[in-house]
Structure formats: structure tokens, C-alpha cells
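Subject: A structure for you to look at

Hello,

Here is the structure I promised to pass on. Have a look at it first, and then read my notes below.

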Amino acid sequence: MLRANALRMGGRGACALAVALWAGMACGRGAGAWGALALLMLACAAWALAARALHTPRVRAVLVALVFALLGAARLAACDARLGAARSLAPQASAMVRVLAVVDEPPRRESDTPAATVRVLAAAPRWPTVARLTLRLPVGSIAEWGDTLEALARVEPLSPQRVPGGYDARAAGACAARIASGRAFAAHVRPARGWRTLGVRALMRVRRACEHALARSLSPSTRALAAPLLFGDRGGMDPDTDAMLRASGLVHLLALSGLHVAWLAGVARAVAALLGAGVVGRACAGAVSALLYAGLAGPIPSLARAVAAEAATALARATGRALDPLQSLALACIVLLALWPAWAGDLGFQLSCAATLGLVAVGSPLVEHARLAPRGLRTLARLAAPTLGAQLVALPWLLARFHALPWTSLFANLVAVPVSELLLAAAGLGAVLDAALPGAGSVWLHAAEPLAACLGALIAWLGGFPYALLPSGRALAPTLLATLAAALAVIALADARTLDARGRASAARTWCGATSALCAVLALLLAFASPPLRPPRGAWWCVAIDVGQGDAIAIGTQQGWWLVDTGPRSPRWDAGEGAVLPFLRWAGVRQLDALALTHDDGDHTGGAHAVARGLPVRAWWASAPSERVPGPGARFHARTFVRGARVALAPGGVVRWPPRITDPARANAERGDNASSLVLELGEGAGRVLLTGDADSLVEAALHVAPGVALLKAGHHGSGSSSGAAFVQALRPERVIVSCGAHNPYGHPDRRALERLASTGATLDRTDHDGTLWYECAPSGVRRLDWRGGEPWRPRHTSVPASGAASAPRAR
């Protein structure tokens with residue numbers, strides 16, 4: 001009786017229980033093992049009280065919801081405790097490990113090197129056996145889901161967030177119980193055997209056959225869209241397409257979720273109906289097809305949510321019970337979070353649930369209300385209502401996690417979703433038919449080519465609009481207002497049963513709807529009108545962004561922000577898109593006053609096009625060109641600088657290199673791009689900063705810089721050819737930035753260069769160790785700020801650093 005009443009609360013008891021479970025998990029994170037035990041005991045007590053309160057339904061409902069919240073908190077706390085114990089047993093730094101592991105998910109093979117998530121069975125040196133890690137496998141590896149691997153790999157723990165506003169590998173890994181990543185230099189595969197893995201092996205054979213059909217029949221550009229659309233493997237997508245997808249608000253099209261399951265289940269039900277199946281047969285066909293698709297794609301949280309909801313709906317249809325989409329969403333969340341509590345923190349799972357909630361609880365009622373629109377706009381309103389509902393409920397996540405909004409996404413989804421559905425149908429049917437009988441799917445695969453070209457053109461056009469991804473900054477108020485707007489919209493529109501006989505909503509729901517609209521407008525106004533992050537008066541910021549093996553220095557002042565270099569670009573990663581722009585959007589920067597490119601090396605200019613695509617750049621700077629060293633200025637129509645030129649932007653400064661064409665020292669700069677690097681001295685007094693690009697010791701010897709520089713950016717990433725002994729002894733900086741990538745192939749930084757720098761008594765700060773390095777500079781001195789602790793934006797009583805103050809280096 002208690003269970004029946006719990007599931008019948010308000011007609012949608014599952015929704016209340018799902019909210020309670022998720023809220024409890026949010027509160028239980030970090031409680032630890034003892035906290036989990038205490039929460040479990042409280043849940044038992046609440047359940048006992050609920051069993052005694054059968055005569056008071058409301059109290060009983062509240063207590064049941066409390067039980068779910070406490071159970072959710074205890075479940076996630078126990079999961080976090082196990083993960084923390086595994087992290088403590090694993091090596092705390094990069095290490096060579098011989099590992100025996102089983103492949104836990106379908107390996108991703110679209111990139112140059114296949115990657116697989118594995119569960120450790122044994123390792124030397126010692127490794128926790130409950131741990132999961134991601135390994136890049138040798139090229140051509142045939143490992144499949146369920147196989148056992150013997151591998152020699154370099155493994156390192158997942159690092160916390162390395163760039164403000166950027167990707168947090170440790171948090172993302174925690175959602176999948178992963179604690180490390182690495183590269184396998186040698187791997188021996190033991191194929192899975194036995195009846196237990198028979199289903200997985202069959203599904204992997206089907207998937208690989210479909211992938212081979214795509215590779216055999218589609219052009220590379222079409223395959224780059226079709227493969228992630230079908231299987232979620234985006235390893236073959238180039239950084240520009242990925243950036244355009246995010247800028248246009250269409251990246252969700254490639255996230256396997258409800259769109260894919262709804263299409264596949266619909267096809268399966270239609271085929272079952274043609275074969276004469278009844279209601280139960282059609283429901284089973286849809287559920288089985290969804291489960292098989294989940295087996296092909298692997299344990300993807302957003303896809304699992306859609307599959308679970310489809311299974312719940314099919315079960316309700318088969319048993320003749322009423323189950324609306326909101327209830328199926330809630331039941332799916334309850335089941336999945338009970339089985340895999342770490343998914344509560346997975347961004348893809350959160351966005352999938354939020355978007356589905358918006359479609360069901362807000363979008364569908366808005367479609368019904370669209371009949372009240374003027375006749376000429378009625379059709380457009382009905383088409384836009386579902387997307388508007390999904391985006392309204394997902395708005396808090398977009399502001400809190402991405403710090404930007406794709407303003408073209410409402411129109412983009414109206415146009416691109418039908419095209420992507422046709423491409424999904426053509427590529428899916430073609431791949432399956434061609435895998436079963438080579439050549440049988442050629443018609444469908446040929447049809448995929450123009451559809452992919454159309455979708456790619458839409459993505460490029462919509463993602464290329466100015467401010468397509470509009471920065472919103474890190475302010476908390478817009479996120480809170482957006483959360484309130486989403487909650488009130490769901491309350492106002494989710495339940496049509498409260499309408500009166502004339503079809504009018506109650507006064508309370510009308511008030512909720514109006515307040516929701518007001519909160520949404522205020523959230524958008526605050527997000528886009530808030531000023532960028534600024535230093536205190538009398539000070540300025542120098543931020544060495546962690547871009548891996550490269551340079552990107554952001555300069556923040558009271559007047560605005562500008563940039564020196566943009567980091568590297570590779571076929572699979574662009575530092576401008578992956579590190580520089582997330583930082584600038586997080587800081588609320590909507591335009592750059594200048595972008596200086598020190599010289600024409602890819603690890604300094606690689607991200608420039610991405611930065612220019614993402615934000616307006618008012619001025620481009622570069623070193624003066626010559627016939628032997630043209631530099632990057634011509635490509636970017638940059639203003640060129642020579643020694644002695646003044647830096648007009650705050651904090652002010654002077655160009656120290658390269659010399660003029662007529663200067664006798666010019667021959668020193670003609671030796672190559674590194675020797676012609678733009679060298680900038682910024683600031684004044686005891687807070688001067690010297691940015692040397694890739695200048696070597698011969699250039700350093702020709703620089704005219706007064707001693708007592710507070711902060712030096714070590715030349716050429718700490719190379720042995722830079723940071724000469726005479727130069728650093730004469731300069732005697734207080735702190736030194738070494739911007740380099742971990743395990744880079746060049747061996748930077750050089751041990752001898754580090755020793756020369758340390759001999760001056762300077763504090764060495766390295767991006768490969770600490771991630772992004774943030775400094776506050778003023779005429780009185782320089783100090784390093786702890787951005788992970790919120791120091792740059794935390795209110796302070798003093799406006800400038802104390803004279804000569806320099807904080808101790810932060811722990812990694």
C-alpha cells in the first residue's frame with residue numbers, strides 16, 4: 001500500500017521522486033564513506049516514519065521523497081568514496097605501467113589512433129583493480145568490447161580543471177569512474193570467448209561492418225558527420241566543424257539521445273505493424289530496437305536515458321497502463337541514477353534530461369497555446385515551440401557550464417533538425433544494408449552525400465555569424481534567474497489538468513508563467529550586459545593560459561583585454577577553440593583590443609583563426625617582416641612593430657625586439673622565425689613583465705632591458721638555447737613562467753635552462769605542472785593569484801598588491 005501510494009503521489013509521483021533523488025545526490029557529493037552510512041541510516045528512519053503515516057497522505061509523500069533523497073545522497077557518497085580510494089592507491093604522477101585489463105566500452109576508431117576505456121584486472125606496479133582508465137591504443141589495434149588487453153602504457157592521473165572555464169578532465173572522469181588516461185606502446189589482445197560475451201561480440205561485428213560500409217562508400221566530409229550521428233564517435237571530426245557545431249547550437253544533433261532512439265523505435269514499430277503485430281508486438285519491437293542500438297553505441301548516459309524512457313513507455317503500452325512522457329522521463333532517471341549514481345554529474349546526461357523536460361513539459365503545452373497566435377504566425381509558432389521549451393529549461397546549464405549562448409540556435413534547429421533526421425535515416429539504412437549485402441545500401445549512402453553537404457553548409461553558415469556564441473561570463477545571478485525561469489515554466493505549463501472549464505489556467509499558474517518569462521529576459525540581459533572581469537584599480541593581470549606545448553598570454557586591464565599568441569593547432573585539437581576562447585568567455589570578454597603574434601610558429605599562431613572567429617579583434621600586431629623572415633603579419637593584416645615602439649594599450653610598455661631594418665643588429669633577427677620574435681616589456685616600476693616569445697640566447701644578449709623585472713616568460717618554452725646565464729643573472733626576475741606541454745616531444749623545459757633560472761633565486765611556475773598561471777601586477781610588485789580558490793574575483797580590501805609581495809607557488 002505504501003509503495004502504491006508513493007508511486008501515485010499527485011498522479012506524477014515518479015517526477016517528485018526523481019527530483020528528490022537527484023537533489024539528494026547533489027547534496028551527498030563529497031560526504032565520504034561514513035557520510036554514506038549516516039545517510040543510509042537516516043533513510044531507514046524516514047522510511048519507518050512513512051510506514052507509520054498511512055493516514056496522512058501528504059506527510060507520507062514528503063517522507064517517501066525524503067527517503068529517495070537520502071538514498072540518492074548515500075549512493076553517490078559511497079560511489080565517491082570508492083573512487084577516492086582508487087585514486088589514492090594509483091600513482092600520483094605519470095608512470096609506466098604493465099596492465100592487464102578488460103575493454104569496458106566499444107573502442108573509438110574514427111581518429112588516427114583508436115582509444116578504449118578499460119577496467120584494470122591487474123597491474124605492475126600496484127594499481128587499484130576497481131579503476132577504469134582511457135588508453136590510446138597502437139594504430140591498427142583490433143581490441144573490441146569485452147576483450148582482454150595486456151599492455152605497456154604510460155599512465156597519468158586525470159588532472160583537475162587547467163583553464164578557467166575550460167574542460168575539467170577529473171570531474172568528467174569521475175562521472176564514468178575513470179581515474180587516469182594514458183598511451184599504450186604495446187598491446188596484446190586476448191579475444192573474448194564464451195557465451196557470456198556472445199551478444200557483445202555480435203553487436204561489435206555489426207557495428208564494425210557498418211563503419212566499414214561508411215568508410216568504403218562515403219566521402220571523408222560526409223563520413224565525419226555520419227559516423228558521430230550514428231555511433232557518437234567524433235574522433236574523425238576536425239576542430240573547425242566541431243567549433244561551428246557548438247557556435248550554431250547544433251552540437252546536440254551528434255549527441256546520441258532521444259532523436260536517435262525515437263527514429264529507430266519508430267521504424268521498428270512501423271515494420272512490426274506491416275508484419276501484422278499488435279500493440280504489444282509494436283511496443284516490444286520499439287524497446288528491443290532501442291536496446292540493441294544502446295548495445296551498438298555503448299554505455300552513453302544520454303543514450304541510456306532515451307533507451308530507458310522508451311523501455312518504460314513500451315512496458316506501459318504492453319500492459320495497457322497510462323504513462324505520459326514526463327513520467328517515463330522520471331522513471332528513466334530513477335532507474336539509471338540508482339544503477340549508476342555518478343551519471344548525476346555527467347553534463348551530457350544533465351542536458352539530455354533538461355532538454356527532454358523542456359520538450360515535454362514546456363514545448364508541448366506551448367504548441368497547444370500556439371493556436372492563439374495570429375494566423376500568419378501560427379505555423380511558425382508551433383514549429384518553434386518545442387525548441388524554445390528545450391532551450392529555456394537547458395538555459396541554466398548553458399550559462400553555468402559553457403558561459404556562452406548560441407543565439408542562432410532557435411532558427412538553426414528549425415532548419416537543421418529535419419536535415420539531420422534525413423541524414424540519420426539515409427546513413428543508417430545504407431550502412432546496415434551495405435554491411436549485410438555489399439552494394440545493397442548504395443542508393444541510401446549516395447543520398448547521404450547531398451544531405452551531409454546541406455547540413456555542413458548550414459552548420460558553417462549559422463556558426464559563422466558574428467557573436468554566434470555570445471559570451472555571458474561567470475556571473476552567478478543570470479544562472480540563478482535562468483534556473484528560476486525554467487522551474488516556473490515547468491510548473492506553469494506541465495499539467496494541463498488544472499485548466500478550468502473554459503480552458504483557462506489558474507491565477508497561480510498564470511503568475512508562474514509571467515514570472516518565468518520575466519526571469520528569462522532578466523537572465524539574458526544580465527548575462528550579456530555584465531562587464532568583463534577586471535583587475536582592481538592600479539593593477540593589471542598577466543594570465544599564461546595552459547595551451548599545452550605553446551604560448552597564449554592574456555593581458556587584462558581596467559580598459560579591456562588583449563592577447564599575446566594563441567597556442568597550437570593540430571588536426572584534432574585547436575588551442576584557440578579549446579583553451580583560449582573558453583577562458584575569455586568565462587571572463588565575459590566580448591572583444592579583444594589587440595592580438596599580438598610574436599612570430600610565425602604554429603604553436604603560437606595555431607589558434608589565431610579560431611579566436612578571430614569567436615571574438616572581434618580590434619587590432620592585430622606582429623613583428624616587422626623581412627624577405628628572409630616574412631612573419632605572420634601579412635596573413636592577418638597586422639600592424640608591425642620594431643624595437644623602441646611604444647605599446648599604446650594598458651598597462652603600457654615598449655617593444656624590445658626585433659630591430660629596424662637599418663639597425664646593425666637586424667642580422668641577428670634574420671636567422672629565422674624564433675630569432676625575429678616580438679619581445680614585449682609591459683608595465684612599470686617593480687611590476688614589469690618581459691614576454692620573450694621564442695627568443696634564444698643570442699637575441700637575449702642584444703636586448704636592452706633594465707634589471708629587476710618582476711616576471712619573465714622564459715624564451716622558447718624553457719629550451720636549452722634560451723634563458724642564457726648572463727641574461728638571467730643580469731635580469732634577476734622574481735618569478736618565471738615556463739609555458740610548455742607535459743611529455744612534449746621536444747623535451748621542454750631543458751634541465752640546464754631550469755637550473756640557470758633557479759640560480760637567480762626566481763620562483764619557477766610551469767603550465768605543465770600547474771595549468772593556467774594568473775598574476776596580478778602593479779608598480780609596487782607582482783604576485784601569483786590562486787584562480788582555483790577564486791582569488792582573482794574575490795572582493796579585497798586593498799586595490800593593489802603590497803610592495804614586493806609575491807605569493808608562494810601553489811600546490812599542484
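**What I found**

Strand 4 (residues 148-157) and strand 5 (residues 178-190) pair in the antiparallel sense, with 10 bridges between them. Within this pairing, Ala-151 stands opposite Ala-187 of strand 5. Please keep in mind that this is a predicted model.

Both strands belong to a closed barrel of five strands, which runs in the order 1-2-3-5-4 and has mixed pairing. From one strand to the next, the twist averages 55°.

Now to the helices. Helix 12 covers residues 325-339, and its 15 residues should span 21 Å at 1.5 Å a residue; the C-alpha atoms at its ends are 21 Å apart, so the two values agree. Several residues of helix 12 are buried, including Leu-326, Leu-329, Cys-333 and Leu-337.

Setting aside residues up to four places away in sequence, Val-360 touches Pro-325, Leu-326 and Pro-365. The C-alpha atoms of Val-360 and Asp-324 are separated by 9.2 Å, although the two are 36 residues apart along the chain. Val-360 counts as partly exposed because its relative accessibility is 21%.

Beyond its neighbours within four places in sequence, Thr-387 is in contact with Ser-409, Leu-410 and Asn-413.

Enjoy exploring!

Best wishes

Terms used: Residues numbered from 1 in each chain as written. Predicted model: local features only at pLDDT ≥ 70, side-chain atom pairs only at ≥ 80, totals over all residues. Heavy atoms only, no water. Contact = heavy atoms within 4.5 Å. Buried < 20%, exposed > 50% of the residue type's maximum accessible area, 1.4 Å probe, protein only. Helix = DSSP H or I, 4+ residues; strand = E, 2+ residues; numbered from the N terminus. Expected span 1.5 Å × (residues − 1). Pairing = 2+ DSSP bridges. Axes fitted to C-alpha atoms, helices over the stretch in contact; angles between N-to-C directions.
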